[in-house]
Amino acid sequence: MKTIKFHKTECGVDFLLNVLTEKDIDYTHLGVYDTDHFEILFFKKAKGVLLLNQKEIQLNAGSIIFISPFQKRKWEFEPNDLEVTSLIFQEAFLNDFFADKLFTHRLLYFYQLVHPLKMTINTDELLKYCGLLTEIKKELLDTQTDSVHIIRSLLYYLLQTLNRQYANQHNLLLKKSENNFAFLFKSLMEIHIKEKQRIADYTEMLGISRISLNKAVKAQFNTTATQLLKQRLLFEIQNLLLHSNKTISEIAYILHFSESNHLMRFFKAQTNQTTTQFINSMNNIPLKHKPNSSDL
């Protein structure tokens, strides 16, 4: 499976973000792949499906799709009925750009494992967002002394407006956090989930009690720290089952389960499926496999 890596823009600045269209990316030659960057796709025209994070997403005009780094995906659509604009960027750049190391984790649509990675908007809203992307692209290609400030303001407005709309569509709360513990917890899980699956591991790294972590997570995400950890661990198991060609025993070893039976019991408890049933159900999704493409 191929990982598509971010290519720096060819403009006179070292921004690790870009705005692309269907003319820049030949989606028809992409099989199962992931990327090392974030991607937000705005579809003016589309007819087909996307398999993302083991879920099938219908594509249509007005769809916005949110994809985080290293999330596996596979496209199936009508190539002659596609008009899409993509915003891509690397996490470290964006966090530095806004002087907030947790910025991407504060956006509800990134690293999202429970709610859909899609929302649908009307034509006027889509044209507004694509207009902002056009302005960003213009500044990237024709850089002026104040371009960095213009791009920062346009990008911040776009991402936060999308966050508000995503929260409204999926009935999520937008709350200003009293501290960063909940976001730090999610960030640490992205780094350490393969070797650390106990809440105590994370409270030790954060230097807080289990009660404090649960309080922060409950206030921010309306769930428990344990449930977030189970969701993230399940996601890792599913990815390895589908994309690593490793046995259950090997996956159990990678994820520090003492026995493969323990992993299988955990998986069944979370999904009400055996690992075999899960793999078979995913293999039955009628998407065609296509050859890999070159980097963007």
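Colleague: What makes E190 and R232 a salt bridge?

Modeller: The closest N and O atoms of E190 and R232 are 2.9 Å apart. A salt bridge is a side-chain nitrogen of Lys or Arg within 4 Å of a carboxyl oxygen of Asp or Glu, so the pair counts as one. This is a predicted model, in which local features need pLDDT of at least 70 and side-chain atom pairs count only at pLDDT 80 or more, while totals for chains, interfaces and linings use all residues. Residues are numbered from 1 along each chain as its sequence is written, and side-chain values use heavy atoms, with hydrogens and water left out.

Colleague: Why is E190 called partly exposed, and why is R232 called buried?

Modeller: Buried means under 20% relative accessible area, exposed over 50%, and partly exposed in between (1.4 Å probe, protein chains only). E190 has 29% relative accessibility, so E190 is partly exposed. R232 has 7% and therefore counts as buried.

Colleague: Which residues are linked with E190 and R232 in a network of salt bridges?

Modeller: The network also includes K194 and E236. E236 forms a salt bridge with K194, with the closest N and O atoms 4.0 Å apart. This pair links distant parts of the chain, 42 residues apart: E236 is in helix α8 and K194 in the loop between α5 and α6 (199-206). Helices (H or I, at least four residues) and strands (E, at least two) are DSSP runs, numbered from the N terminus. E236, at 10% relative accessibility, is buried, whereas K194, at 37%, is partly exposed.

Colleague: What makes R198 exposed and D201 buried?

Modeller: R198 is exposed because its relative accessibility is 53%. D201 has a relative accessible area of 13%, so D201 is buried. R198 and D201 form a salt bridge, their closest N and O atoms being 2.9 Å apart. The structure holds nine salt bridges.

Colleague: On to the sheet. Why are β2 and β9 said to pair?

Modeller: Two strands pair if DSSP finds at least two bridges between them. β2 and strand β9 (residues 83-89) have five bridges, in the antiparallel sense, and therefore pair. T21 stands opposite T85 in β9.

Colleague: What is the order of the strands in the open sheet, and which are the edge strands?

Modeller: The order of the five strands is β2-β9-β4-β7-β10, with antiparallel pairing. The edge strands are β2 (17-21) and β10 (118-120), because each pairs on one side only.
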